[in-house]
Each structure stands twice: as structure tokens, then as C-alpha cells.
Amino acid sequence: MENRLIENEIFYCEPLMASEENLRQIQKFHVAADTGLGLELYLKKHAVSDEISHEARTYLVKDNSTDEIVGYFSLKTGMVATRRKWSFFHLEIDSLPAVELANFAVNSAYKEAHQGQTGIGSIIFLDFVLPVIKMAADRVGICIVYIFALPYRNLIKYYETLNFRRLSKTQEAFIHRNYKPQYDEGCIFMSRPLYAED
């Protein structure tokens, strides 16, 4: 109970490193879609080292009754370039403070065992991801949340239901050329205001 950062009626959220048990539990985490293998491997093989190096923070969302892992998300700081112009032979870029939703996945094993529970991804995003980011925004400036989404039409549409939007082709090309991490090759940059109407 003392490790719970946020909870609602059915789930709660806690930091990955809150207990040794979490490190055992994540080995059972599974993403059924082939496209989600990278998200599964990140949690099992890289999330702990990113925690230790302070490169990202990972949070587990668990079932209030059974303590099963429902899903997870990882956050890291960043910025979003908003405007660029040439001045005296160099490029000036304005930016907004942002947080990257670097990893976000639902546990397929949990979904299979609890088929009556629907809308898990949206619940995690609205009830846990946004509130954790807003906790940080109480202490430092953050006004944008962004992701590099896998380039699948259904996934892009899903993120649009969460108020994420793509940039114009010119802006998107600039972001992809200058800011997209190599491990997100092929992914689509999408962003939303932190305080958008959900």
C-alpha cells in the first residue's frame, strides 16, 4: 500500500523499483501482437538499467484485487521544437518543455484472463500517465506530452482518441531528422497539450 503512487477503483500505479517482487513479475509480462515485442523486451531487459542511469522512469499499473500487472509506461523528459528560423547564418529553434511517453503497453496475459475489462489502455493513460506527468508539472515546466508511435493505422487512430495529433509533413520531417531517437526508426511523432480536454 505504501508504494502506491495513484489508484482508482480497479487499478493502482507504482514505480517499477518499488519492490523486488516487481522485478520478478515483469518477467511474466507479455504483449501478444508481434508489433509489441520491443515493448515487452524493454520492460524485461532495459527498464531497470534506464532507472539506474536516470534515463527514464517506468511505472507499473496493477490490479487492486490481484496485484497482477495490467500494463506499464515509461516517461522521460524532452522538448518539442515549435519554430525555426535562420538568423545571422545559424538556425534558431524555439522549444516547449515536454515529457515523452517513451513506452506504453498493456499486459496481454492480463487482458486474456480478464476479458470483461475493456478500455484498459485508455484507463491507464487518463488515470495514471497524465496524473504522474501533472505531478511533475507542479514542480517544473511541462506543457506537451509526445510519443513516437509505431506506424500502424489503428494505433495512430487510437492515439488520436487520446488527443495526440501528428504535425504537418514539413514539421514532422524536421522532428524526424533532428530529434527522433535511432531506436524509434520508422515511428511517427505525435503530441498533445498536457492540459487538453479529455
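## Aromatic pairs and salt bridges at a glance

Y59 and F73 are both buried. They belong to a predicted model, and searching the whole structure turns up 10 aromatic pairs as well as six salt bridges. Here is a friendly tour of some of these contacts.

**Aromatic contacts**

- Y59 and F73 make a stacked aromatic pair, with 5.2 Å from centre to centre and 25° between the planes.
- This pair links distant parts of the chain: Y59 lies in strand β3 (residues 57-63) and F73 in strand β4 (residues 69-87), 14 residues apart.
- One aromatic cluster is made up of F104, F125, Y158, Y159 and F164.

**Around R4**

- The charged end of R4 sits over the ring of Y12, at 3.7 Å from the ring centre.
- R4 also forms a salt bridge with E7, where the closest N and O atoms are 3.1 Å apart.
- E7 counts as partly exposed because its relative accessibility is 45%.

- E40 and K44 form a salt bridge, their closest N and O atoms being 2.8 Å apart.
- The two residues are four apart in helix α2 (residues 37-52), so about one helical turn separates E40 from K44.
- E40 is buried, with a relative accessible area of 10%, whereas K44 is partly exposed at 23%.

**Salt bridge between E51 and R57**

- E51 pairs with R57 in a salt bridge, with 2.9 Å between the closest N and O atoms.
- E51 counts as buried at 8% relative accessibility, while R57 counts as partly exposed at 31%.

Definitions and conventions: Residues are numbered from 1 along each chain as its sequence is written. This is a predicted model: local features need pLDDT of at least 70, side-chain atom pairs count only at pLDDT 80 or more; totals for chains, interfaces and linings use all residues. Side-chain values use heavy atoms; hydrogens and water are left out. Rings of Phe, Tyr and Trp (its six-membered ring) pair if their centres lie within 6.5 Å; planes under 30 degrees apart count as stacked, over 60 as edge-to-face and the rest as tilted. Buried means under 20% relative accessible area, exposed over 50%, partly exposed in between (1.4 Å probe, protein chains only). A charge sits over a ring if NZ of Lys or CZ of Arg is within 6 Å of the ring centre and within 35 degrees of the ring normal. A salt bridge is a side-chain nitrogen of Lys or Arg within 4 Å of a carboxyl oxygen of Asp or Glu.
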